[in-house]
Amino acid sequence: MNKLKPIAILIKKMLEDRFGIEANYTFEGRSPWLLNIPSRIMYGEIWDELSKVYGLLLDNTYNLEERITLADEKSIKRLARMDIWFGEPYNFICEFDENQHFNQYRRLTLENSYEYFKFSFNKEDYLEICTSRIINPGTSGFHKLKSKDCLFPAMYEGEKQDNRLRQRAFRDFLKDIVPIYLGYNPTMRINYKVTNGKIKGFDEDDLNCVKNYILKGNYLENILNNRIKLLEVKLC
């Protein structure tokens, strides 16, 4: 059983109780509109923002468009994985963020290019956790990429690297802004502190904390209301 199933079931019930429409979900799903390597054709209007944040993550050493030219066809077509995807009519990603998602690089993405976007997570909480976790280069898979990524080359000499941290922050950033740009609903993020530090085996108290977090942030209202407005525009 997927460890996030209790959270998915909880959100499903909350959606159905609130809107009276069945909420279907899948785990570890992929969609052709969400890529690990961004497409200028697909993401054209936000390309400058993506390029800026990428440059900041790479200490302004590399250029996004130039690095993409080094990618092979398989890498360019590789789709990003979503923790939970809620389909029509809700159309949003739900991500559960463990502690490896919080560091100085994720903070950098949160501080840039988000001014036009609504959130389905507590940005201030995310910034606070990121500020408390400055991660130095290391040799583990949490720090160093085990396989090459043309967008995130090794930045230092030797075994100790932090290109996995930079890559993870960029991919989280894409999951935040690409869905909204393409007309889907905001990505809902739940961090490990909401579940009392647990990353699996959630009990009733943990799930109640998730429910209260969603209700307090009014995140359900970011979802179906936005989708209805989008459908109305398309019908006109």
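1. A cavity, on a 1 Å grid over the protein atoms alone, is a set of points where a 1.4 Å probe fits but cannot get out, and lining residues have an atom within 4 Å of a point. Grid points are joined across faces, edges and corners, and a volume is the space filled by probe spheres set on the points. The model is predicted, so local features need pLDDT of at least 70 and side-chain atom pairs pLDDT 80 or more, while totals for chains, interfaces and linings use all residues. Residues are numbered from 1 along each chain as its sequence is written, and side-chain values use heavy atoms, without hydrogens and water.

2. Two cavities of 30 Å³ or more turn up in a search of the whole structure. The largest cavity holds about 50 Å³. Among the residues around the largest cavity are Tyr114, Phe117, Phe119, Phe121, Asp176 and Pro186. Its lining has six nonpolar, two polar and two charged residues (Ala, Val, Leu, Ile, Met, Phe, Trp, Tyr, Cys and Pro count as nonpolar, Asp, Glu, Lys and Arg as charged, and the others, Gly among them, as polar).

3. The largest pocket has about 600 Å³ of space (a pocket is an open set of points with protein on both sides within 12 Å along at least five of seven lines). It is lined by 25 residues, of which Arg81, Asp83, His101, Arg164 and Lys175 are the closest to its centre. By class, this lining has six nonpolar, five polar and 14 charged residues. Helix α7 (163-181) is one of the elements that supply at least two lining residues, and α7 gives the most, with five. Helices (H or I, at least four residues) and strands (E, at least two) are DSSP runs, numbered from the N terminus.

4. The second largest pocket has a volume of about 300 Å³. Ser75, Arg78, Lys148, Asp149 and Arg171 are the closest to its centre among 16 lining residues. Here too α7 provides the largest share, three residues.

5. Helix α6 (residues 123-131) has Tyr126, Leu127, Ile129 and Cys130 buried (buried is under 20% relative accessible area, exposed over 50%, partly exposed in between, with a 1.4 Å probe and protein chains only). These buried residues line one face of α6, because they fall within an arc of 165° seen down the axis; the arc is that of the directions from the helix axis to the C-beta atoms. Glu124 and Glu128 are exposed on the face turned away from the buried side. The buried residues pack against β3 (92-97), α5 (104-110), β4 (188-191) and α8 (204-217), where contact means heavy atoms within 4.5 Å.

6. Tyr126 also belongs to an aromatic cluster with Phe102, Phe119, Phe121 and Tyr192. Rings of Phe, Tyr and Trp (its six-membered ring) pair if their centres lie within 6.5 Å; planes under 30 degrees apart count as stacked, over 60 as edge-to-face and the rest as tilted. The structure holds 17 aromatic pairs. One of them, tyrosine 213 with tyrosine 219, is tilted, at 5.5 Å centre to centre and 55° between the planes. Both tyrosine 213 and tyrosine 219 are buried.

7. The backbone has some points to check. Glutamate 88 and proline 89 are joined by a cis peptide bond, with omega about 0°. Asparagine 91 is not a glycine, yet its phi is positive, near 50°; the residue is buried, at 3% relative accessible area. Aspartate 59 has a positive phi of about 55° and is partly exposed, at 45%.
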